[in-house]
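Open the model in your viewer and keep the selection panel to hand. The stops below each begin with something to select.

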Amino acid sequence: MRSASIADWILRRVAGKERAASMVGDLVEISQQKGMVWFWFSVVGVVAARIWRSALGLILATCYGFSICFMLSGALFAKHYPTDLRRPVLEVIRIFCGYLCWATLYSAIRFGVRDRFVQSSFAVVAVCLGLIYGWWQPVVVVCCIAAFAGFVAILAVSRERRRAAFTLPLVVATGYLSMYLGGLPFTIYRYLFIPEFPRYFGPRDYIGHATLERLVWTALYVQLAIQTLAIAAVCEIMHWWSMSKPKNDQLLEDGEPVADVS
Amino acid sequence: MKAPVNLGEFEQIVLLAILRLGDEAYGVSIRAEISACTGREPAPGALYTTLDRMEEKGLVRSWMGEATPQRGGRAKRYFAVSKMGRAAVVNAQKAYQSLLKGLNLLGGSHALSVDC
């Protein structure tokens, strides 16, 4: 029974209290024939099955989220540099697209590509990418505007998609604000422990400070991890919210005809 | 009217097992029913993940039952198929039946005429 209590504690970390208790109860019941080795393998299997998607999503989003934002920035200013009013508009689109790519990477792994948020995000990212890579061509701009109008029209007929679309600006806002939150630990550390560098680092500052480069990379990855965690938290909360349904689906009763199948 | 949800193979198996068990569908009995009918024992992790996902989609409902001594005083979590779940499984089975028509895979009287 001590093993069951430990398993109960472990499973509560990845499932609710009642669900964890019922799972452990099931495993205890089966393990009376299968043994304790099977019991612990099953506990590990349940934990792995419940967290592998989140863990993989967090790792890949942390590693590649920033790279995607950086790549988009390069793409926008590589060949044709916008100098007029289009520049701030394209900057906003780039930031929007970057954070959406970041969130989509996590959500596609965590919830699968059939998730409404992932599909909505893919659609908006495709429109944004079209504008970023071809903003100077009128045909591309017209096609992107038409595609976006189609996307908005689809939202009008689906409650689930509307809820998913509501998540998009929320994710971007969270990603942008968490950039400052993620940079805060390093800023505090710099002011407390490296008083000779109260300003931003430049390339010349690395000379004579062998550990500085390592420190900057560590700070960058801490910042990225905090941003990813914030984006992932919003995705989780909004996924739960968008999937919640009104309680009007009655339980099946014996002999009840299934009228809405054909 | 909402279109029926598309089900994976394992989701169909679990839904059919729950329908077969009626009021006695909980983790252990669902696993035993699948094992008895299909000859394969699903991993508990896969089974609970599938049940949770289907509950999230509204295909099944769950509620907590009584605690029993052989489970260390822990309650059972019972499952029942919702209307949407039944519609989804019927839709999937209809698709299988249509594809099976004219094929003599099961032999004898199971072979159906070709009108698909």
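**Before starting**

This is a predicted model, in which local features need pLDDT of at least 70 and side-chain atom pairs count only at pLDDT 80 or more, while totals for chains, interfaces and linings use all residues. Residues are numbered from 1 along each chain as its sequence is written, chains are lettered from A and ligands numbered from 1 in the order in which they are written, and side-chain values use heavy atoms, with hydrogens and water left out.

**Stop 1: chain A**

Select chain A and colour by secondary structure. Of its 262 residues, 40% are buried, where buried means under 20% relative accessible area, exposed means over 50%, and partly exposed lies in between (1.4 Å probe, protein chains only). Chain A exposes about 15300 Å², with 68% supplied by carbon and sulfur atoms; areas come from the Shrake-Rupley method with a 1.4 Å probe, and for residues only the protein chains shown count as cover. Contact means heavy atoms within 4.5 Å. Of the contacts in chain A between residues at least 6 apart in sequence, 67% join residues at least 24 apart.

**Stop 2: chain B**

Switch to chain B. Its elements, read from the N terminus, run α-α-α-β-β-α, which gives four helices and two strands. Chain B has 116 residues, 42% of them buried. For contacts with a separation of 6 or more, 49% involve residues 24 or more positions apart.

**Stop 3: the cores**

In soluble globular proteins, nonpolar side chains tend to be buried together. A nonpolar core here is a set of buried Ala, Val, Leu, Ile, Met, Phe, Trp, Tyr and Cys residues joined through side-chain atoms within 4.5 Å.

Select Leu11(A), Val14(B), Ile18(B), Ile30(B) and Leu51(B): these touch the most other members of the largest nonpolar core, which has 39 residues. Elements that each supply at least two residues of this core include helices H1 (2-14), H2 (17-34) and H3 (36-78) of chain A, and H1 (9-21) and E2 of chain B. H1(B) gives the most, with seven residues.

Leaving aside neighbours within four places in sequence, Leu11(A) is in contact with Ala20(A), Met23(A), Val24(A), Val43(A), Val46(A) and Val47(A). Apart from this core lies another, of 38 residues, among them Leu90(A), Cys101(A), Leu131(A) and Leu168(A).

**Stop 4: salt bridges**

The structure holds 17 salt bridges over all chains, each a side-chain nitrogen of Lys or Arg within 4 Å of a carboxyl oxygen of Asp or Glu.

- Select Glu41(B) and Lys34(A). Their side chains meet in a salt bridge at 2.7 Å, N to O. The pair crosses between chains, from the loop between H2 and H3 of chain B to helix H2 of chain A. Glu41(B) is partly exposed at 46% relative accessible area, and Lys34(A) is partly exposed at 36%.
- Select Arg94(A) and Glu91(A). The closest N and O atoms of this salt bridge are 2.8 Å apart. Because the two are three residues apart in helix H4 (residues 86-111) of chain A, about one helical turn separates them. Both Arg94(A) and Glu91(A) are buried.
- Select Arg53(B) and Glu11(B). Their salt bridge has its closest N and O atoms 3.2 Å apart. Arg53(B) lies in helix H3 and Glu11(B) in helix H1 of chain B, so the pair ties together parts 42 residues apart in sequence. Arg53(B) is partly exposed at 35% relative accessibility, whereas Glu11(B) is buried at 4%.
- Select Arg19(A), Arg50(A), Asp52(B), Glu55(B) and Arg77(B). Salt bridges that share partners join them into one network.

**Stop 5: the hairpin**

Select E1 (residues 60-68) and E2 of chain B, which pair in the antiparallel sense over seven bridges; strands pair if DSSP finds at least two bridges between them. Met64(B) stands opposite Arg77(B) in E2(B). Five residues lie between the strands of this hairpin, and Gly72(B) takes a positive phi near 70°. In E2(B), residues 74-81, eight of eight residues are buried.

**Stop 6: a surface patch**

Which residues make the nonpolar surface patch of about 620 Å²? Select Leu181(A), Leu184(A), Ile188(A), Tyr189(A), Leu192(A) and Phe193(A). Patches are made of residues with over 30% relative accessible area and no salt bridge, with like charges joined within 9 Å and nonpolar side chains (Val, Leu, Ile, Met, Phe, Trp, Tyr) within 5 Å. Tyr189(A) is found in helix H7 (residues 159-193) of chain A and counts as partly exposed at 35% relative accessibility.
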